Amino acid sequence: MTRTPGAEDLYAFVDRLAAQHEQPEEEPEPLEEWLEFEAGGLDLGLPVTAVLEVVRPRPVTRVPGAPPAVRGLINLRGRALPLVDLGAHLGLAAAQGGDDARIVVLESRGRRFGALVERVSRLAKIAPSTIRRLSEGESPVPPAVVRGAGPSAERPRVLLDPERILLTGDDPSA
């Protein structure tokens with residue numbers, strides 16, 4: 001003899017169905033904004049939170065005794081800022097200038113400076129979970145300054161750590 005479901009069985013069934021559909025939706029992962037650019041012939045990126053502004057190149061005053069990657073000082077609205085050729089600093093090709101060249105004004109460890117880049121590509125929104133660690137030798141950029149590789153349809157972008165960007169591989173504080 002088969003048992004006819006009673007009211008309690010029906011309520012239990014309805015409760016199970018409701019519980020399956022009332023699972024809290026996962027919050028989408030917050031996206032980070034990154035400024036993507038080219039320096040030294042390589043696609044790179046920096047978090048927008050570290051970028052103060054992007055300006056066109058301007059006259060540079062040479063500074064005797066400056067490190068090789070420092071082009072000199074620029075005047076940005078009455079403030080003297082060191083200008084670093086980012087490609088040369090990272091051991092890549094030095095910037096050639098040109099119509100697309102830009103100066104990315106950054107703040108790193110409380111210091112402001114301009115980073116000369118060959119061109120600025122775009123702003124990209126990247127989920128932190130999609131940033132992957134680079135294996136040793138996968139990038140020509142010193143590992144001390146790399147946060148990881150960002151997703152890209154063409155080729156991965158090397159994402160730089162703005163707090164370590166002025167370090168080099170042989171820097172003891174890295």
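What share of the contacts in the protein with a separation of 6 or more comes from residues 24 or more positions apart? Such residues account for 56% of these contacts, a contact being heavy atoms within 4.5 Å. The model is predicted, so local features need pLDDT of at least 70 and side-chain atom pairs count only at pLDDT 80 or more, whereas totals for chains, interfaces and linings use all residues. Residues are numbered from 1 along each chain as its sequence is written, and side-chain values use heavy atoms, with hydrogens and water left out.

**Figure 1. Overall arrangement of the protein.** Two helices and ten strands make up the secondary structure; helices (H or I, at least four residues) and strands (E, at least two) are DSSP runs, numbered from the N terminus. Their order along the sequence is α-β-β-β-β-β-α-β-β-β-β-β. Of the 174 residues, 37% count as buried. Buried denotes under 20% relative accessible area, exposed over 50%, and partly exposed in between (1.4 Å probe, protein chains only).

**Figure 2. The largest nonpolar core and Leu160.** A nonpolar core is a set of buried Ala, Val, Leu, Ile, Met, Phe, Trp, Tyr and Cys residues joined through side-chain atoms within 4.5 Å. The largest one has 24 residues, and those with the most contacts inside it are Phe37, Leu44, Leu86, Leu90, Leu106, Val141 and Leu160. Two or more residues each come from strand 1, strand 2 (42-47), strand 6 (102-108), strand 7 (111-117) and strand 10 (157-160). A second, separate core of nine residues includes Leu83, Ile103, Val105 and Leu116. Leu160 belongs to strand 10 and is buried, at 0% relative accessible area. Beyond its neighbours within four places in sequence, Leu160 touches residues including Trp34, Pro47, Val145, Arg147 and Ile165.

**Figure 3. Surroundings of Glu36.** Glu36 is part of strand 1 (residues 32-39) and is buried, with a relative accessible area of 1%. Its side chain is joined to that of Arg157 by a polar contact of 2.6 Å. Such a contact is a pair of N or O atoms within 3.5 Å; within protein, one must be able to donate a hydrogen and the other to accept it, and residues adjacent in sequence count only if both atoms are side-chain atoms. Apart from residues up to four places away in sequence, Glu36 also touches others, among them Leu44, Val120, Arg122 and Ile126.

**Figure 4. Pro140 in a loop.** Pro140 is found between strand 8 (119-126) and strand 9 (146-150), and counts as exposed at 56% relative accessibility. Setting aside residues up to four places away in sequence, Pro140 touches Leu42, Leu90 and Leu92. Pro140 and Leu42 are 98 residues apart in sequence, with a C-alpha to C-alpha distance of 9.0 Å.

**Figure 5. Two arginines with positive phi.** Arg77 lies in the loop between strand 4 (70-76) and strand 5 (79-85). The phi of Arg77 is near 50°, a positive value in a residue other than glycine, and Arg77 is exposed at 63% relative accessibility. Arg109, in the loop between strand 6 and strand 7, has a positive phi near 55°. Arg109 is partly exposed, with a relative accessible area of 41%.
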